[in-house]
Every structure is written in structure tokens, then in C-alpha cells.
Amino acid sequence: MTQAELAKKAGVTIRSITYWENGKKKMTVESADKVFCALEKKLVIGVENTGKANK
């Protein structure tokens, strides 16, 4: 899939895709979800307990 195809399918700009790929900008969770959906993947964000409690 080209950058243009991915951008169109995800509803983002080609410039955004380029910036993310080149590390010039960080992707928001919302943008990442759009890209994952365009790639027919599911974005899952989790939190793990480290066993250390903040006091």
C-alpha cells in the first residue's frame, strides 16, 4: 500500500504519514487508531501492574 492509499483510507494527510514514518512528529492515539483500522488491525493499549505501589 502506498502512502497516498494509506492516507486516503485512514482519513489523514500524506504529509502526516511521511512525518510519522520519518520520526518528525509523534502520532496521537486517535491517529494511530485510524491507521490501524485502515490496515485492518486492532490497536490495543494496556497497562500492566509492576507490583510497586506509589506511596
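Predicted model: local features only at pLDDT ≥ 70, side-chain atom pairs only at ≥ 80, totals over all residues.
Figure 1. The backbone angle phi of E40 is near 60°. That value is positive, and E40 is a residue other than glycine.

**Figure 2. V35, a buried residue of helix α3.** V35 is part of helix α3, which covers residues 29–38. Its relative accessibility is 9%. The limit for a buried residue is under 20%, so V35 counts as buried. With neighbours within four places in sequence left aside, the contacts of V35 are L6, A10, I17, W20 and M27. V12 can also be located in this view: the C-alpha atoms of V35 and V12 are 8.4 Å apart in space. Along the sequence, these two residues are separated by 23 positions.

**Figure 3. The largest nonpolar core, with eight residues.** The members of this core are L6, A7, A10, V12, I17, W20, V35 and A38. Helices α1 (3–10), α2 (14–22) and α3 each contribute at least two residues to the core. Which helix gives the most to this core? Helix α1 does, with three residues. V35, shown in the previous view, is one of the core residues.

**Figure 4. I17 and its contacts.** I17 is another member of the eight-residue core. Apart from neighbours within four places in sequence, I17 is in contact with Q3, L6, A7, V12 and V35.

**Figure 5. S16, a partly exposed residue of helix α2.** S16 sits in helix α2. The relative accessible area of S16 is 22%. Partly exposed residues fall between the buried limit of 20% and the exposed limit of 50%, so S16 counts as partly exposed. How far apart in space are the C-alpha atoms of S16 and S31? The distance is 9.4 Å, and the two residues are 15 residues apart in sequence.

**Figure 6. The whole chain, as a guide to the close-up views.** The chain has three helices and zero strands. Along the sequence, the pattern reads α-α-α. The radius of gyration is 15 Å, well over the 10 Å that the globule rule gives for 55 residues, so the chain is more spread out than a compact globule. Along the principal axes, the C-alpha atoms fill a box of roughly 50 × 25 × 15 Å. Of the 55 residues, 18% count as buried. Contacts between residues 24 or more positions apart make up 28% of the contacts with a separation of 6 or more.

**Figure 7. Surface and charged side chains.** The chain exposes about 5,000 Å². Carbon and sulfur atoms supply 52% of this area. There are 11 positive and 6 negative side chains. The centres of these two sets are 7 Å apart.

How values were computed:
Residues numbered from 1 in each chain as written. Heavy atoms only, no water. Helix = DSSP H or I, 4+ residues; strand = E, 2+ residues; numbered from the N terminus. Rg over C-alpha atoms; globule rule 2.2 N^0.38 Å. Buried < 20%, exposed > 50% of the residue type's maximum accessible area, 1.4 Å probe, protein only. Contact = heavy atoms within 4.5 Å. Areas by Shrake-Rupley, 256 points an atom, 1.4 Å probe, with all protein chains shown as cover. Lys, Arg positive; Asp, Glu negative; His and termini not counted. Charge placed at Lys NZ, Arg CZ, Asp CG, Glu CD. Core = buried A, V, L, I, M, F, W, Y, C linked by side-chain atoms within 4.5 Å.
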